[in-house]
Amino acid sequence: MGGRLLCLLLMGTLCPRAWADPSFAIDYDRNCFKKDGTCFRYISGSVHYFRIPAAYWRDRLLKMYMTGLNAIQVYVPWNYHEPQPGLYAFQGDRDLERFLDLTSELGLLVIIRPGPYICSEWDMGGLPAWLLNKKDIALRSSDPDYLNAVDSWMSVLLPKLRPRLYNNGGNIISVQVENEYGSFPACDYDYMRHLHKIFRLYLGDEVVLFTTDGNTHNELKCGTLQGIHATVDFGPADNATKSFELLRRFQPTGPLVNSEYYTGWLDYWGQNHSSSSAQLVSRGLQDILEMGASVNMYMFEGGTNFGYWNGADFKKKYLPITTSYDYDAPLTEAGDPTEKLLAIRAVISKFLSVPLGPFPPPSPKYDYGVVKLQKVGNLADFLDIFSPGCPTVTQYPITFEDAKQYFGFMLYRTRLPWDTPDITSLTDPFNGVHDRAYVTIDGSFAGVLERDHIRTINVTGSAGEWLDVLVENMGRINFGSYLSDFKGLVSNLTLAGDLLKDWVVYPLNIDGPVAEGWPHGGENNILRGPKIESNTGPTFYMGTFQTAARGDTFLKLTNWRKGQVWINGFNVGRYWPARGPQVTLYVPGSILSTKDYNNVTVLELESAPSGFRAFLIDRPILNGTSQAV
Ligand SMILES: *[C@@H]1O[C@H](CO)[C@@H](O)[C@H](O)[C@H]1NC(C)=O
Ligand SMILES: *[C@@H]1O[C@H](CO)[C@@H](O)[C@H](O)[C@H]1NC(C)=O
Ligand SMILES: *[C@@H]1O[C@H](CO)[C@@H](O)[C@H](O)[C@H]1NC(C)=O
Ligand SMILES: *[C@@H]1O[C@H](CO)[C@@H](O)[C@H](O)[C@H]1NC(C)=O
Ligand SMILES: *[C@@H]1O[C@H](CO)[C@@H](O)[C@H](O)[C@H]1NC(C)=O
Ligand SMILES: *[C@@H]1O[C@H](CO)[C@@H](O)[C@H](O)[C@H]1NC(C)=O
């Protein structure tokens, strides 16, 4: 204020630029962004704080700065921050404001994408699964129940962003409204208008708001809105001239922006690893920059879908996304520079001055050797630990959402209604196993049912024996029409054609006890259940390793089938080398200890190899052979 007053007194002639209020806007006459009064374009990269341990945020951002980027682009996943309605999480790895502080300290501008829907190959595209408590909710539309939940979340999130907007002295230059809404069949303009209104309410009239859509007429038609700057997304294989010509039909003037220029692509379990050449990506980037456009590279650093956070696509069948979100991006999942990064940096240096000085080297990777595991016991032996409350007794199965358990695993238990000495089919007639079920009879593993793949298995047993169906939620669909992706047994199972009834359903909180030290904390937990000799069916294993040096490593579970793994209580993610293509899991050094034993807990769902050995190696393997079923 004082500076401004002085400016007025000196009639502006002696007023240094720094004294002017910072401003960021769109110049529709000169087709550029206008930053502090001059034409500006950004060269940005996407990085997701929710896919990187907080300890490494600064490292990744510094490397992006050193590449020559002047901005980063980031999504905010609603479901990560509001796990239950009205309950908010912004600490540790969820500390969005700390992440934004780091971008500012490093002199990077921020393009923020607060959703409410983000896609991002993230569970349910970032929407909280608790929205499905209302079964017929119309997501991403003007359904009042959906809008009420959105409004209440935005009333918490957007006020945190407001002081960080460029015009308010911060480093956020623009804010995306929704995400690729034109790809969603609803095409509900009232919904987009509502979002526009609340973004303006909390962020003010000055801030640059934008939409992003695919490079087709229909996507731009339903995704753009009067008064919001339209941008497009396309990859190196697309014709940039043509994509921008199409954008011009919806955004006749103002800066041209590609909000998602694809540096690589995601992986699905059971499909080949995706990669794209450094040459193709850097050449396409040069084309865009030569046209004077602004660009964001998606992804610049992909990171990891730790825990249960991966999403899934639906293309004729359910396709879950791998734990790794390496994306073949310029920085690897572990934050190391690649040949692609250097090629991109060389292109950027033709347009902007790239910071001098040595590029930060790759961080050391460690081969900690073999971890010998031992069997703890079958999952069903620990129900009092994972499901201490009362189970739900129900005639027909309920969903995860009914039980208000949104992630992980639930156990459905009933008794065999009659003797089945001969082979009998246990069937999922309505394809309602969401998404994979591990069946045991009287403690013996009987097989797997899998959504869209395995609809029936043969079983035998005697009347009254326990039939256990452990159902795994493998990640909610994040794109397209099937966002209301309920989990668990969403329809009935049959035995020899008869409906199975009278279930006892156990919600399972495995992560809580494991984070608190189970089973390592209590040796007497080990093998205290009824001794089952075989190593098949859902079973826990544990092991430890020690190290004097702390750094990143990669867990390789050779000849194990499928499951979940925790290290020192941190959920490292799903492994499924039997399906591929991902073979190793990224283990960030930040979760390891040099003082204490490091504790490895494995939940193997199908069968463990003899010897129970795991390996910690010094390089990732993401391109193993894929085994589609
Ligand atoms: C790209 O599209 C433009 C405009 O539609 C066209 O003139 C040009 O030939 C295309 N380039 C290629 C390589 O197809
Ligand atoms: C996957 O890779 C294998 C081995 O390189 C190849 O034979 C196969 O055609 C690929 N599948 C697809 C769908 O591209
Ligand atoms: C079940 O058993 C029958 C009879 O032996 C056999 O024909 C069928 O292929 C088996 N089904 C499965 C899914 O294994
Ligand atoms: C199971 O079948 C019963 C009887 O037809 C039906 O009432 C119930 O809705 C079904 N349950 C599910 C989860 O489909
Ligand atoms: C591993 O478990 C042991 C036994 O509960 C515990 O004392 C130790 O602190 C744990 N290690 C780490 C790194 O958390
Ligand atoms: C996987 O990638 C590595 C390193 O790029 C390469 O050496 C190897 O041949 C690839 N393996 C397969 C199966 O494609």
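Predicted model: local features only at pLDDT ≥ 70, side-chain atom pairs only at ≥ 80, totals over all residues.
**Helix α9**

The 13 residues of α9 (residues 278–290) should span 18 Å at 1.5 Å a residue, and the end C-alpha atoms are 18 Å apart, so the two values agree. Helices (H or I, at least four residues) and strands (E, at least two) are DSSP runs numbered from the N terminus, and the expected span is 1.5 Å times one less than the number of residues.

I listed the buried residues of α9 as A278, V281, S282, G284, L285, Q286, I288 and L289. Buried means under 20% relative accessible area, exposed over 50%, and partly exposed in between (1.4 Å probe, protein chains only). I found that their cover includes β4 (43–47), α8 (240–250), β10 (257–262), β11 (294–301) and α10 (339–348). After α9 comes G292, with a positive phi near 80 degrees.

**Conventions**

I number residues from 1 along each chain as its sequence is written, and I letter chains from A and number ligands from 1 in the order in which they are written. Local features need pLDDT of at least 70, side-chain atom pairs count only at pLDDT 80 or more, totals for chains, interfaces and linings use all residues, and side-chain values use heavy atoms, with hydrogens and water left out.

**T263**

I placed T263 in the loop between β10 and α9. T263 counts as buried because its relative accessibility is 0%. I noted contacts (heavy atoms within 4.5 Å) from T263 to residues including S276, V281, M299, Y327 and K340, leaving out residues up to four places away in sequence. T263 and S276 are 13 residues apart in sequence, and their C-alpha atoms are 7.1 Å apart. The T263 side chain reaches the backbone oxygen of M299 at 2.7 Å.

**Helix α6**

I repeated the length check on α6 (residues 189–203). Its 15 residues should span 21 Å at 1.5 Å a residue, and the end C-alpha atoms are 21 Å apart, which agrees. I recorded its buried residues as Y191, M192, H194, L195, H196, I198, F199 and L203. Their cover includes α5 (144–161), β7 (172–176), β8 (208–214) and α7 (217–223). At the start of α6, a side-chain oxygen of D188 comes to within 3.0 Å of the backbone nitrogen of D190. Just after α6, G204 has a positive phi of about 95 degrees.

**C119**

I located C119 in the loop between β6 (109–113) and α5. With 6% relative accessibility, C119 counts as buried. Setting aside residues up to four places away in sequence, I found that C119 touches G125, N179, N478 and F479.

I found T427 in strand β18 (residues 420–427). T427 counts as buried because its relative accessibility is 18%. Its side chain makes a polar contact with that of T456 at 2.9 Å. A polar contact is a pair of N or O atoms within 3.5 Å; within protein, one must be able to donate a hydrogen and the other to accept it, and residues adjacent in sequence count only if both atoms are side-chain atoms.

I listed I423, T456 and N458 as the residues around ligand 3, on the criterion of a heavy atom within 4 Å. A polar side-chain atom of N458 lies 2.4 Å from an oxygen atom of ligand 3.

**Domains**

I took the domains from an automatic or database assignment: domain 1 (20–348), domain 2 (369–377 + 511–617) and domain 3 (388–507). The C-alpha centres of domain 1 and domain 2 are 34 Å apart. Their contact takes 22 residues from domain 1 and 21 residues from domain 2.
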